[in-house]
Amino acid sequence: MRMKRVAAVAAAATLALGLAACGGDGESGGSGSKGLIGKAQNQKKLVIGVKADQPGLGLQTGSTYEGFDVEIAKIIAKGLGVEAGSIEWKTTVSANREPFIQQGTVDLVVATYTINDERKQKISFAGPYFIAGQDLLVNADSTLVGPEGLDGKTVCSVTGSTPAKRIQTEHPKAKLQQFDSYSKCLPLLENRKVDAVTTDDIILAGYAAQDQYAGKFKVVGKPFSSEPYGIGLKKDDKDGCEKVNEILKAAASDGSYKAAWDSTLGKSGKAAPELDTTKLTNCGSV
Amino acid sequence: MHVFADQTNLDAYVSGFLWILKLTGASTFFALVLGVLLAAFRVSPVPVLRGLGTAWVNIFRNTPLTLIIFFCYFGLFSTLGLSLSDDLNLNNYWLGVVGLSVYTAAFVCEAVRSGINTVPAGQAEAARAVGLTFFQTLRIVILPQAGRAVVAPLGSVLIALCKNATIVGTIGLIEASSVMKDLINSNGDAVIPIFLVFAGTFAALLIPTGYFFGWLANRLAVKR
(Lines give C-alpha, C1' and ligand atoms only; values in the text may rest on other atoms or scores of the structure.)
Protein backbone atom coordinates (compact mmCIF):
# COMPACT_ATOMS: atom_id res chain seq x y z
CA MET A 1 0.00 0.00 0.00
CA ARG A 2 2.83 2.39 0.92
CA MET A 3 4.52 1.69 -2.44
CA LYS A 4 1.31 2.41 -4.31
CA ARG A 5 0.98 5.75 -2.60
CA VAL A 6 4.53 6.75 -3.52
CA ALA A 7 3.92 5.75 -7.12
CA ALA A 8 0.72 7.78 -7.27
CA VAL A 9 2.44 10.88 -5.91
CA ALA A 10 5.27 10.45 -8.42
CA ALA A 11 2.78 10.12 -11.27
CA ALA A 12 0.92 13.23 -10.16
CA ALA A 13 4.16 15.19 -9.86
CA THR A 14 5.23 14.13 -13.38
CA LEU A 15 1.88 15.25 -14.74
CA ALA A 16 2.14 18.62 -13.02
CA LEU A 17 5.69 19.14 -14.31
CA GLY A 18 4.56 18.22 -17.80
CA LEU A 19 1.82 20.83 -17.64
CA ALA A 20 4.19 23.45 -16.29
CA ALA A 21 6.62 22.72 -19.13
CA CYS A 22 3.84 23.22 -21.69
CA GLY A 23 3.00 26.60 -20.19
CA GLY A 24 6.64 27.63 -20.18
CA ASP A 25 7.11 26.88 -23.89
CA GLY A 26 4.24 29.15 -24.84
CA GLU A 27 5.66 32.06 -22.88
CA SER A 28 9.21 31.89 -24.16
CA GLY A 29 8.00 31.88 -27.78
CA GLY A 30 6.62 35.38 -27.32
CA SER A 31 9.25 37.06 -25.20
CA GLY A 32 12.39 35.58 -26.77
CA SER A 33 12.03 37.39 -30.09
CA LYS A 34 11.10 41.01 -30.57
CA GLY A 35 7.49 40.57 -31.65
CA LEU A 36 6.33 39.71 -35.12
CA ILE A 37 8.92 41.71 -37.06
CA GLY A 38 11.76 40.27 -35.01
CA LYS A 39 10.63 36.71 -35.58
CA ALA A 40 10.18 37.23 -39.33
CA GLN A 41 13.66 38.77 -39.62
CA ASN A 42 15.53 36.33 -37.40
CA GLN A 43 13.92 33.04 -38.33
CA LYS A 44 12.64 33.80 -41.82
CA LYS A 45 9.50 31.84 -41.09
CA LEU A 46 6.05 32.41 -39.62
CA VAL A 47 3.24 30.29 -38.23
CA ILE A 48 -0.09 31.58 -39.51
CA GLY A 49 -3.49 30.39 -38.37
CA VAL A 50 -6.19 30.07 -41.05
CA LYS A 51 -9.55 28.35 -41.33
CA ALA A 52 -9.58 24.92 -42.95
CA ASP A 53 -13.26 24.44 -43.74
CA GLN A 54 -14.39 27.64 -45.41
CA PRO A 55 -14.52 27.50 -49.18
CA GLY A 56 -13.21 30.65 -50.81
CA LEU A 57 -11.61 31.96 -47.61
CA GLY A 58 -9.56 29.25 -45.97
CA LEU A 59 -10.01 25.69 -47.22
CA GLN A 60 -7.65 22.81 -46.64
CA THR A 61 -7.21 20.40 -49.51
CA GLY A 62 -4.69 17.73 -48.63
CA SER A 63 -1.78 19.57 -47.04
CA THR A 64 -2.31 22.89 -48.81
CA TYR A 65 -4.62 25.74 -47.89
CA GLU A 66 -6.32 28.05 -50.35
CA GLY A 67 -8.66 31.02 -50.21
CA PHE A 68 -8.77 34.78 -49.79
CA ASP A 69 -7.49 34.71 -46.19
CA VAL A 70 -4.61 32.52 -47.27
CA GLU A 71 -3.68 34.94 -50.07
CA ILE A 72 -3.83 37.90 -47.67
CA ALA A 73 -1.59 35.98 -45.27
CA LYS A 74 0.91 35.36 -48.09
CA ILE A 75 0.96 39.08 -48.97
CA ILE A 76 1.69 39.98 -45.33
CA ALA A 77 4.37 37.31 -44.99
CA LYS A 78 6.00 38.58 -48.17
CA GLY A 79 5.94 42.13 -46.83
CA LEU A 80 7.70 40.88 -43.69
CA GLY A 81 10.34 39.17 -45.81
CA VAL A 82 9.09 35.59 -45.45
CA GLU A 83 8.64 33.46 -48.56
CA ALA A 84 5.29 31.69 -49.07
CA GLY A 85 7.12 28.36 -48.82
CA SER A 86 8.39 29.18 -45.32
CA ILE A 87 4.95 29.75 -43.86
CA GLU A 88 3.73 27.06 -41.54
CA TRP A 89 -0.06 26.96 -41.84
CA LYS A 90 -2.05 26.03 -38.81
CA THR A 91 -5.75 25.20 -38.78
CA THR A 92 -7.71 27.37 -36.37
CA VAL A 93 -11.38 27.23 -35.53
CA SER A 94 -13.42 30.12 -34.14
CA ALA A 95 -12.95 28.95 -30.56
CA ASN A 96 -9.16 28.66 -30.44
CA ARG A 97 -7.95 31.79 -32.17
CA GLU A 98 -7.34 33.94 -29.08
CA PRO A 99 -5.70 31.13 -27.08
CA PHE A 100 -3.44 30.33 -30.05
CA ILE A 101 -2.27 33.93 -30.25
CA GLN A 102 -1.96 34.36 -26.48
CA GLN A 103 0.02 31.15 -26.08
CA GLY A 104 2.26 31.86 -29.07
CA THR A 105 1.10 28.79 -31.02
CA VAL A 106 0.69 31.05 -34.05
CA ASP A 107 2.26 34.39 -34.97
CA LEU A 108 -0.67 35.68 -36.99
CA VAL A 109 -4.30 34.71 -37.45
CA VAL A 110 -6.00 35.46 -40.75
CA ALA A 111 -9.19 33.47 -40.27
CA THR A 112 -12.43 35.44 -40.87
CA TYR A 113 -11.54 37.14 -37.62
CA THR A 114 -13.98 39.87 -36.63
CA ILE A 115 -12.42 42.85 -34.85
CA ASN A 116 -14.30 43.59 -31.63
CA ASP A 117 -13.62 45.20 -28.27
CA GLU A 118 -13.86 42.00 -26.27
CA ARG A 119 -11.14 40.37 -28.34
CA LYS A 120 -9.04 43.54 -28.35
CA GLN A 121 -8.56 43.08 -24.61
CA LYS A 122 -6.66 39.87 -25.28
CA ILE A 123 -4.98 40.37 -28.63
CA SER A 124 -4.18 43.11 -31.14
CA PHE A 125 -5.79 43.52 -34.54
CA ALA A 126 -4.33 44.89 -37.74
CA GLY A 127 -6.61 45.58 -40.68
CA PRO A 128 -9.50 45.29 -41.43
CA TYR A 129 -8.83 43.90 -44.89
CA PHE A 130 -12.48 43.10 -45.58
CA ILE A 131 -15.91 44.09 -44.22
CA ALA A 132 -18.42 41.26 -44.03
CA GLY A 133 -21.89 41.17 -42.47
CA GLN A 134 -23.80 38.46 -40.63
CA ASP A 135 -26.47 36.91 -42.81
CA LEU A 136 -28.60 33.78 -43.06
CA LEU A 137 -28.23 30.81 -45.38
CA VAL A 138 -31.58 29.09 -46.01
CA ASN A 139 -33.07 26.50 -48.32
CA ALA A 140 -33.82 27.87 -51.81
CA ASP A 141 -37.60 27.72 -51.21
CA SER A 142 -37.50 29.25 -47.71
CA THR A 143 -39.72 32.22 -46.90
CA LEU A 144 -37.36 33.55 -44.24
CA VAL A 145 -36.39 37.10 -45.21
CA GLY A 146 -34.33 38.29 -42.27
CA PRO A 147 -33.38 37.77 -38.64
CA GLU A 148 -36.79 39.12 -37.49
CA GLY A 149 -38.42 35.88 -38.64
CA LEU A 150 -36.17 33.66 -36.52
CA ASP A 151 -38.39 33.38 -33.42
CA GLY A 152 -39.11 29.73 -32.77
CA LYS A 153 -36.91 28.68 -35.70
CA THR A 154 -33.75 26.64 -35.38
CA VAL A 155 -30.48 28.28 -36.35
CA CYS A 156 -27.14 26.53 -36.71
CA SER A 157 -23.81 28.17 -35.97
CA VAL A 158 -20.43 27.59 -34.38
CA THR A 159 -19.88 27.42 -30.61
CA GLY A 160 -18.31 30.60 -29.28
CA SER A 161 -18.44 32.52 -32.58
CA THR A 162 -19.64 36.12 -32.89
CA PRO A 163 -22.73 35.14 -34.96
CA ALA A 164 -23.77 32.54 -32.37
CA LYS A 165 -23.46 35.04 -29.53
CA ARG A 166 -25.42 37.66 -31.48
CA ILE A 167 -28.30 35.22 -32.02
CA GLN A 168 -28.31 34.37 -28.30
CA THR A 169 -28.47 38.00 -27.20
CA GLU A 170 -30.52 39.67 -29.96
CA HIS A 171 -32.85 36.81 -30.92
CA PRO A 172 -33.22 34.78 -27.73
CA LYS A 173 -36.40 33.11 -29.01
CA ALA A 174 -34.53 31.43 -31.82
CA LYS A 175 -33.28 27.92 -31.05
CA LEU A 176 -29.55 27.70 -31.47
CA GLN A 177 -27.83 24.47 -32.50
CA GLN A 178 -24.08 24.79 -32.03
CA PHE A 179 -21.28 22.72 -33.53
CA ASP A 180 -17.52 23.03 -33.74
CA SER A 181 -17.60 23.79 -37.47
CA TYR A 182 -19.99 25.26 -40.04
CA SER A 183 -19.60 22.27 -42.34
CA LYS A 184 -21.67 20.21 -39.88
CA CYS A 185 -24.57 22.65 -40.23
CA LEU A 186 -25.02 22.15 -43.98
CA PRO A 187 -26.33 18.56 -44.04
CA LEU A 188 -28.81 19.62 -41.34
CA LEU A 189 -30.01 22.51 -43.47
CA GLU A 190 -30.29 20.19 -46.45
CA ASN A 191 -32.41 17.77 -44.38
CA ARG A 192 -34.42 20.70 -43.02
CA LYS A 193 -33.52 19.95 -39.41
CA VAL A 194 -32.43 23.55 -39.02
CA ASP A 195 -34.15 26.50 -40.69
CA ALA A 196 -31.05 28.58 -41.26
CA VAL A 197 -27.30 28.64 -40.91
CA THR A 198 -25.90 31.94 -39.74
CA THR A 199 -22.51 33.52 -40.06
CA ASP A 200 -20.90 36.15 -42.27
CA ASP A 201 -22.38 36.56 -45.76
CA ILE A 202 -19.10 35.93 -47.50
CA ILE A 203 -18.61 32.58 -45.76
CA LEU A 204 -22.19 31.53 -46.51
CA ALA A 205 -21.75 32.46 -50.16
CA GLY A 206 -18.69 30.22 -50.28
CA TYR A 207 -20.70 27.26 -48.96
CA ALA A 208 -23.68 27.90 -51.21
CA ALA A 209 -21.39 27.89 -54.23
CA GLN A 210 -19.99 24.41 -53.48
CA ASP A 211 -20.80 21.88 -56.20
CA GLN A 212 -22.73 19.44 -54.01
CA TYR A 213 -25.08 22.17 -52.79
CA ALA A 214 -25.49 24.07 -56.06
CA GLY A 215 -28.99 25.51 -56.36
CA LYS A 216 -30.19 24.14 -53.01
CA PHE A 217 -29.42 27.07 -50.73
CA LYS A 218 -29.61 30.84 -50.94
CA VAL A 219 -28.14 33.65 -48.88
CA VAL A 220 -30.96 35.88 -47.62
CA GLY A 221 -28.94 38.96 -48.55
CA LYS A 222 -29.85 41.26 -45.66
CA PRO A 223 -26.70 41.59 -43.60
CA PHE A 224 -27.60 42.54 -40.01
CA SER A 225 -24.16 43.37 -38.71
CA SER A 226 -20.84 44.75 -39.82
CA GLU A 227 -17.93 42.37 -39.37
CA PRO A 228 -14.58 43.95 -40.07
CA TYR A 229 -12.10 41.13 -40.66
CA GLY A 230 -8.82 41.83 -38.96
CA ILE A 231 -5.48 40.14 -38.63
CA GLY A 232 -4.88 38.92 -35.11
CA LEU A 233 -1.49 39.17 -33.46
CA LYS A 234 -0.06 39.29 -29.98
CA LYS A 235 -1.35 42.08 -27.76
CA ASP A 236 1.03 45.00 -27.34
CA ASP A 237 2.98 44.13 -30.48
CA LYS A 238 2.38 47.66 -31.77
CA ASP A 239 5.27 47.65 -34.23
CA GLY A 240 4.15 44.38 -35.76
CA CYS A 241 0.59 45.63 -36.05
CA GLU A 242 1.61 48.89 -37.73
CA LYS A 243 3.87 47.03 -40.12
CA VAL A 244 1.00 44.75 -41.16
CA ASN A 245 -1.18 47.80 -41.81
CA GLU A 246 1.56 49.33 -43.96
CA ILE A 247 1.75 46.13 -45.96
CA LEU A 248 -2.03 46.17 -46.45
CA LYS A 249 -1.86 49.79 -47.65
CA ALA A 250 0.81 48.87 -50.15
CA ALA A 251 -1.19 45.84 -51.30
CA ALA A 252 -4.24 48.03 -51.96
CA SER A 253 -2.27 50.38 -54.21
CA ASP A 254 -0.06 47.90 -56.10
CA GLY A 255 -2.96 45.64 -57.10
CA SER A 256 -1.94 42.55 -55.14
CA TYR A 257 -5.05 42.88 -52.95
CA LYS A 258 -7.28 42.78 -56.04
CA ALA A 259 -5.28 39.86 -57.45
CA ALA A 260 -5.81 37.95 -54.20
CA TRP A 261 -9.55 38.53 -54.47
CA ASP A 262 -9.80 37.67 -58.15
CA SER A 263 -8.00 34.35 -57.71
CA THR A 264 -10.30 33.22 -54.88
CA LEU A 265 -13.67 34.75 -53.97
CA GLY A 266 -13.71 36.77 -57.20
CA LYS A 267 -14.30 33.54 -59.11
CA SER A 268 -17.95 33.74 -58.09
CA GLY A 269 -18.20 36.83 -60.31
CA LYS A 270 -18.25 39.34 -57.48
CA ALA A 271 -16.00 42.32 -58.13
CA ALA A 272 -13.13 43.02 -55.76
CA PRO A 273 -14.11 45.36 -52.92
CA GLU A 274 -12.21 48.57 -52.37
CA LEU A 275 -9.80 48.27 -49.44
CA ASP A 276 -10.49 51.43 -47.44
CA THR A 277 -7.07 52.22 -45.99
CA THR A 278 -8.44 55.09 -43.92
CA LYS A 279 -10.30 52.59 -41.77
CA LEU A 280 -7.26 50.59 -40.69
CA THR A 281 -6.89 50.16 -36.92
CA ASN A 282 -4.64 52.46 -34.96
CA CYS A 283 -3.03 49.42 -33.32
CA GLY A 284 -4.09 50.34 -29.81
CA SER A 285 -2.64 53.85 -29.62
CA VAL A 286 -4.98 56.43 -28.15
CA MET B 1 -9.72 31.72 -10.19
CA HIS B 2 -11.20 35.00 -11.47
CA VAL B 3 -12.87 32.95 -14.20
CA PHE B 4 -15.15 31.13 -11.78
CA ALA B 5 -15.91 34.25 -9.75
CA ASP B 6 -18.05 35.41 -12.66
CA GLN B 7 -21.64 34.29 -12.12
CA THR B 8 -22.32 33.49 -15.82
CA ASN B 9 -19.23 31.30 -15.99
CA LEU B 10 -20.15 29.60 -12.74
CA ASP B 11 -23.67 28.87 -14.01
CA ALA B 12 -22.25 27.44 -17.23
CA TYR B 13 -19.89 25.24 -15.22
CA VAL B 14 -22.71 23.91 -13.04
CA SER B 15 -25.08 23.30 -15.94
CA GLY B 16 -22.28 21.55 -17.86
CA PHE B 17 -21.77 19.05 -15.08
CA LEU B 18 -25.53 18.66 -14.55
CA TRP B 19 -25.82 17.53 -18.19
CA ILE B 20 -22.99 15.05 -17.57
CA LEU B 21 -24.81 13.65 -14.53
CA LYS B 22 -28.13 13.46 -16.38
CA LEU B 23 -26.49 11.71 -19.34
CA THR B 24 -24.74 9.28 -17.00
CA GLY B 25 -27.89 8.58 -15.01
CA ALA B 26 -30.20 7.78 -17.92
CA SER B 27 -27.52 5.90 -19.86
CA THR B 28 -26.60 3.79 -16.83
CA PHE B 29 -30.21 2.68 -16.51
CA PHE B 30 -30.68 1.78 -20.18
CA ALA B 31 -27.22 0.23 -20.51
CA LEU B 32 -27.80 -2.01 -17.47
CA VAL B 33 -31.20 -3.23 -18.69
CA LEU B 34 -29.96 -3.75 -22.22
CA GLY B 35 -26.65 -5.26 -21.10
CA VAL B 36 -28.23 -7.87 -18.83
CA LEU B 37 -30.70 -8.74 -21.59
CA LEU B 38 -27.85 -9.15 -24.09
CA ALA B 39 -25.93 -11.32 -21.62
CA ALA B 40 -29.02 -13.53 -21.27
CA PHE B 41 -29.16 -13.71 -25.09
CA ARG B 42 -25.52 -14.75 -25.26
CA VAL B 43 -25.98 -17.71 -22.92
CA SER B 44 -29.43 -18.68 -24.17
CA PRO B 45 -30.13 -22.00 -25.93
CA VAL B 46 -31.61 -20.18 -28.95
CA PRO B 47 -28.96 -19.74 -31.70
CA VAL B 48 -30.64 -16.63 -33.19
CA LEU B 49 -30.55 -14.82 -29.86
CA ARG B 50 -26.97 -15.90 -29.23
CA GLY B 51 -26.05 -14.56 -32.67
CA LEU B 52 -27.84 -11.29 -31.97
CA GLY B 53 -26.01 -10.83 -28.66
CA THR B 54 -22.64 -11.63 -30.20
CA ALA B 55 -23.25 -9.30 -33.14
CA TRP B 56 -24.29 -6.43 -30.85
CA VAL B 57 -21.21 -6.78 -28.69
CA ASN B 58 -18.86 -7.09 -31.64
CA ILE B 59 -20.32 -4.13 -33.49
CA PHE B 60 -20.71 -1.63 -30.66
CA ARG B 61 -17.70 -2.61 -28.57
CA ASN B 62 -15.42 -2.16 -31.58
CA THR B 63 -16.80 1.11 -32.95
CA PRO B 64 -15.46 4.41 -31.63
CA LEU B 65 -18.07 6.10 -29.45
CA THR B 66 -17.52 9.36 -31.35
CA LEU B 67 -18.80 7.66 -34.51
CA ILE B 68 -21.81 6.18 -32.72
CA ILE B 69 -22.83 9.55 -31.22
CA PHE B 70 -22.20 11.24 -34.56
CA PHE B 71 -24.41 8.65 -36.28
CA CYS B 72 -27.17 9.11 -33.70
CA TYR B 73 -27.33 12.78 -34.66
CA PHE B 74 -26.54 12.87 -38.35
CA GLY B 75 -27.94 9.43 -39.17
CA LEU B 76 -30.90 8.76 -36.89
CA PHE B 77 -32.03 12.36 -36.42
CA SER B 78 -30.87 14.38 -39.40
CA THR B 79 -31.26 11.82 -42.19
CA LEU B 80 -33.81 9.32 -40.87
CA GLY B 81 -35.86 11.95 -39.06
CA LEU B 82 -35.99 10.32 -35.62
CA SER B 83 -36.81 13.21 -33.29
CA LEU B 84 -36.87 12.38 -29.59
CA SER B 85 -38.03 15.74 -28.27
CA ASP B 86 -39.27 19.06 -29.61
CA ASP B 87 -36.83 20.90 -27.39
CA LEU B 88 -33.50 21.27 -29.14
CA ASN B 89 -31.34 20.54 -26.10
CA LEU B 90 -33.47 17.63 -24.92
CA ASN B 91 -33.41 16.12 -28.39
CA ASN B 92 -29.60 16.27 -28.41
CA TYR B 93 -29.63 14.86 -24.90
CA TRP B 94 -31.78 11.84 -25.72
CA LEU B 95 -29.86 11.13 -28.91
CA GLY B 96 -26.74 11.16 -26.76
CA VAL B 97 -28.37 8.78 -24.27
CA VAL B 98 -29.20 6.39 -27.12
CA GLY B 99 -25.60 6.40 -28.33
CA LEU B 100 -24.08 6.02 -24.86
CA SER B 101 -26.54 3.25 -23.92
CA VAL B 102 -26.05 1.01 -26.94
CA TYR B 103 -22.28 1.42 -26.62
CA THR B 104 -22.07 0.83 -22.87
CA ALA B 105 -24.56 -2.07 -23.03
CA ALA B 106 -21.93 -4.05 -24.95
CA PHE B 107 -19.48 -3.65 -22.06
CA VAL B 108 -22.15 -4.40 -19.43
CA CYS B 109 -23.07 -7.55 -21.36
CA GLU B 110 -19.50 -8.81 -21.38
CA ALA B 111 -19.04 -8.04 -17.67
CA VAL B 112 -22.26 -9.88 -16.76
CA ARG B 113 -21.34 -12.80 -18.99
CA SER B 114 -17.99 -13.14 -17.23
CA GLY B 115 -19.96 -13.13 -13.96
CA ILE B 116 -22.17 -15.92 -15.26
CA ASN B 117 -19.04 -17.96 -15.89
CA THR B 118 -18.12 -17.71 -12.20
CA VAL B 119 -21.23 -19.66 -11.23
CA PRO B 120 -20.37 -23.37 -11.19
CA ALA B 121 -22.02 -25.25 -14.08
CA GLY B 122 -23.35 -27.81 -11.58
CA GLN B 123 -25.79 -25.23 -10.24
CA ALA B 124 -27.38 -24.68 -13.65
CA GLU B 125 -27.59 -28.44 -14.15
CA ALA B 126 -29.17 -28.90 -10.71
CA ALA B 127 -31.68 -26.14 -11.46
CA ARG B 128 -32.64 -27.85 -14.71
CA ALA B 129 -32.89 -31.17 -12.87
CA VAL B 130 -35.47 -29.83 -10.42
CA GLY B 131 -37.53 -28.59 -13.37
CA LEU B 132 -36.76 -24.87 -13.62
CA THR B 133 -37.01 -23.38 -17.11
CA PHE B 134 -34.08 -21.54 -18.72
CA PHE B 135 -35.36 -18.10 -17.65
CA GLN B 136 -36.17 -19.30 -14.14
CA THR B 137 -32.67 -20.73 -13.82
CA LEU B 138 -31.17 -17.47 -15.00
CA ARG B 139 -33.36 -15.27 -12.83
CA ILE B 140 -33.40 -17.26 -9.59
CA VAL B 141 -30.07 -19.07 -9.58
CA ILE B 142 -27.49 -17.66 -11.99
CA LEU B 143 -27.95 -13.88 -12.28
CA PRO B 144 -28.14 -13.10 -8.53
CA GLN B 145 -24.74 -14.72 -8.08
CA ALA B 146 -23.32 -13.40 -11.34
CA GLY B 147 -24.44 -9.88 -10.52
CA ARG B 148 -22.68 -9.94 -7.18
CA ALA B 149 -19.48 -11.14 -8.80
CA VAL B 150 -19.36 -8.28 -11.30
CA VAL B 151 -20.04 -5.27 -9.07
CA ALA B 152 -16.44 -4.06 -9.33
CA PRO B 153 -16.14 -4.36 -13.15
CA LEU B 154 -19.54 -2.67 -13.53
CA GLY B 155 -18.18 0.17 -11.40
CA SER B 156 -15.39 0.62 -13.95
CA VAL B 157 -17.92 0.59 -16.78
CA LEU B 158 -19.94 3.28 -14.99
CA ILE B 159 -16.87 5.46 -14.48
CA ALA B 160 -15.96 5.12 -18.16
CA LEU B 161 -19.55 5.98 -19.10
CA CYS B 162 -19.48 9.19 -17.06
CA LYS B 163 -16.31 10.35 -18.80
CA ASN B 164 -17.58 9.24 -22.21
CA ALA B 165 -20.63 11.47 -21.71
CA THR B 166 -18.42 14.43 -22.71
CA ILE B 167 -18.52 13.14 -26.30
CA VAL B 168 -22.16 14.21 -26.55
CA GLY B 169 -20.72 17.74 -26.72
CA THR B 170 -19.83 17.02 -30.37
CA ILE B 171 -23.52 17.05 -31.33
CA GLY B 172 -24.16 20.41 -29.70
CA LEU B 173 -25.16 19.64 -26.11
CA ILE B 174 -23.30 22.16 -23.97
CA GLU B 175 -21.95 19.69 -21.39
CA ALA B 176 -18.88 20.09 -19.20
CA SER B 177 -16.19 19.71 -21.87
CA SER B 178 -17.99 22.15 -24.20
CA VAL B 179 -18.25 24.63 -21.35
CA MET B 180 -14.54 24.14 -20.71
CA LYS B 181 -13.70 24.85 -24.37
CA ASP B 182 -15.90 27.94 -24.31
CA LEU B 183 -14.28 29.23 -21.11
CA ILE B 184 -10.81 28.58 -22.47
CA ASN B 185 -11.81 30.40 -25.64
CA SER B 186 -12.78 33.50 -23.74
CA ASN B 187 -9.97 33.22 -21.14
CA GLY B 188 -6.89 32.18 -23.12
CA ASP B 189 -4.67 33.39 -20.26
CA ALA B 190 -6.13 30.91 -17.76
CA VAL B 191 -6.07 27.66 -19.72
CA ILE B 192 -4.38 25.55 -17.08
CA PRO B 193 -6.48 26.66 -14.07
CA ILE B 194 -9.67 26.06 -16.08
CA PHE B 195 -8.47 22.66 -17.17
CA LEU B 196 -7.51 21.70 -13.63
CA VAL B 197 -10.92 22.73 -12.25
CA PHE B 198 -12.77 20.60 -14.81
CA ALA B 199 -10.43 17.62 -14.48
CA GLY B 200 -10.61 17.99 -10.69
CA THR B 201 -14.40 18.00 -10.71
CA PHE B 202 -14.49 14.78 -12.71
CA ALA B 203 -11.99 13.21 -10.32
CA ALA B 204 -13.98 14.42 -7.31
CA LEU B 205 -17.10 12.77 -8.73
CA LEU B 206 -15.47 9.53 -9.83
CA ILE B 207 -12.85 8.66 -7.22
CA PRO B 208 -15.49 8.18 -4.49
CA THR B 209 -17.57 6.22 -7.02
CA GLY B 210 -14.65 3.86 -7.51
CA TYR B 211 -14.19 3.35 -3.77
CA PHE B 212 -17.92 2.85 -3.30
CA PHE B 213 -18.02 0.07 -5.87
CA GLY B 214 -14.93 -1.53 -4.35
CA TRP B 215 -16.60 -1.54 -0.94
CA LEU B 216 -19.86 -2.84 -2.41
CA ALA B 217 -18.06 -5.62 -4.29
CA ASN B 218 -16.44 -6.82 -1.05
CA ARG B 219 -19.69 -6.69 0.82
CA LEU B 220 -21.70 -8.54 -1.80
CA ALA B 221 -19.07 -11.06 -2.86
CA VAL B 222 -20.32 -14.66 -2.96
CA LYS B 223 -18.14 -16.61 -0.55
CA ARG B 224 -17.26 -19.97 -2.05
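Visitor: Before anything else, what counts as a helix or a strand here?
Guide: Helices are DSSP runs of H or I with at least four residues, and strands are runs of E with at least two, both numbered from the N terminus. Please keep in mind that this is a predicted model.

Visitor: Good. In what order do the elements of chain B run?
Guide: Starting at the N terminus, the elements of chain B read α-α-α-α-α-α-α-α-α-α. The count for chain B is 10 helices and zero strands.

Visitor: And what is the secondary structure of chain A?
Guide: Chain A has 10 helices and 13 strands.

Visitor: What box do the C-alpha atoms of chain B fill?
Guide: Along the principal axes, the box is roughly 70 × 45 × 25 Å.

Visitor: Now a helix pair in chain A. At what angle do α3 and α9 cross?
Guide: The axes of helix α3 (residues 68-79) and helix α9 (residues 238-254) of chain A cross at roughly 110° and come within 9 Å. An angle of 65 to 115 degrees counts as roughly perpendicular, and α3(A) and α9(A) are therefore described in that way.

Visitor: Which residues meet there?
Guide: From α3(A), the residues are A:I75, A:I76 and A:G79, and from α9(A) they are A:V244, A:I247, A:A250 and A:A251. By class, the contact of α3(A) with α9(A) has six nonpolar residues, one polar and no charged. The crossing of α3(A) and α9(A) is right-handed.

Visitor: How is chain A divided into domains?
Guide: Domain 1 of chain A comprises 35-132 + 228-271, and domain 2 of chain A comprises 134-219. Their centres, taken over C-alpha atoms, are separated by 25 Å.

Visitor: How many residues does each domain give to the contact?
Guide: Domain 1 of chain A gives 14 residues and domain 2 of chain A gives 18 residues. On the domain 1 side, the elements that give two or more residues are β2 (53-54) and β6 (108-114) of chain A. That side of domain 1 has six nonpolar, seven polar and one charged residues.

Visitor: Last topic: how many residues are in contact between chain A and chain B?
Guide: The contact involves 20 residues of chain A and 15 residues of chain B. On the chain A side, the elements that give two or more residues are α1 (2-32), α4 (97-102), β10 (175-179) and α7 (185-190).

Visitor: Which of them gives the most?
Guide: β10(A) gives the most, with four residues. The side of chain A that touches chain B divides into six nonpolar, 10 polar and four charged residues.

Note on methods:
Residues numbered from 1 in each chain as written. Chains lettered and ligands numbered in written order. Predicted model: local features only at pLDDT ≥ 70, side-chain atom pairs only at ≥ 80, totals over all residues. Axes fitted to C-alpha atoms, helices over the stretch in contact; angles between N-to-C directions. Parallel < 35°, antiparallel > 145°, perpendicular 65-115°, else oblique. Left-handed = near helix turned anticlockwise from the far one by under 90°. Contact = placed C-beta atoms within 7 Å. Nonpolar A, V, L, I, M, F, W, Y, C, P; charged D, E, K, R; others polar. Domains from an automatic or database assignment.
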